[in-house]
Amino acid sequence: QVQLVESGGGLVQPGGSLRLSCAASGPIFSMYHFGWYRQAPGKQRDMVATITRGGTTNYADSVKGRFTISRDNTKNTVYLQMNNLKPEDTAVYYCRGLSDGSWGQGTQVTVSS
């Protein structure tokens, strides 16, 4: 299984931006599909965005036009650029290796004034 470590979370005001990173180690990174998921208190964990090994992306309707998922195969890293953040984006964000079901430990994102 790939090992995943997220970073980049924090506290931001509404309308602000954050970039999350997911550093991966293990089997061949470039062959993996990846996803970002989030879980708010008392709610289920939901898909935010996914990216295939070929670079095809998919987004939840709630983040389309505001979030961008990308990958850098030379750095074994997946990114989630989050713009125009809203209070409802507050959650723990998790990186997932879709090819083997692995999860990172999560990073907290809080959007509040």
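Is Cys22 buried or exposed at 0% relative accessibility?

1. Cys22 counts as buried because its relative accessibility is 0%; buried means under 20% relative accessible area, exposed over 50%, and partly exposed in between, with a 1.4 Å probe and protein chains only. Cys95 is likewise buried, at 0%.

2. This is a predicted model, in which local features need pLDDT of at least 70, side-chain atom pairs count only at pLDDT 80 or more, and totals for chains, interfaces and linings use all residues. Residues are numbered from 1 along each chain as its sequence is written, and side-chain values use heavy atoms, with hydrogens and water left out.

3. The structure holds 1 disulfide (a pair of cysteine sulfur atoms within 2.5 Å). Cys22 and Cys95 form this link, with their sulfur atoms 2.1 Å apart. The link is left-handed, with -80° about the S-S bond. Cys22 lies in strand 3 (residues 18-25) and Cys95 in strand 9 (residues 91-97), so the pair joins distant parts of the chain, 73 residues apart. Strands are DSSP runs of E, at least two residues, numbered from the N terminus.

4. The largest pocket holds about 190 Å³ of space. A pocket is an open set of points on a 1 Å grid over the protein atoms alone, where a 1.4 Å probe fits, with protein on both sides within 12 Å along at least five of seven lines. The volume is the space filled by probe spheres set on the points, which are joined across faces, edges and corners.

5. Lining residues, which have an atom within 4 Å of a point, include Arg38, Lys43, Asp46 and Glu88. Strand 4 (34-39) and strand 5 (46-51) each give two or more residues to the lining.

Notes. Helix = DSSP H or I, 4+ residues; strand = E, 2+ residues; numbered from the N terminus.
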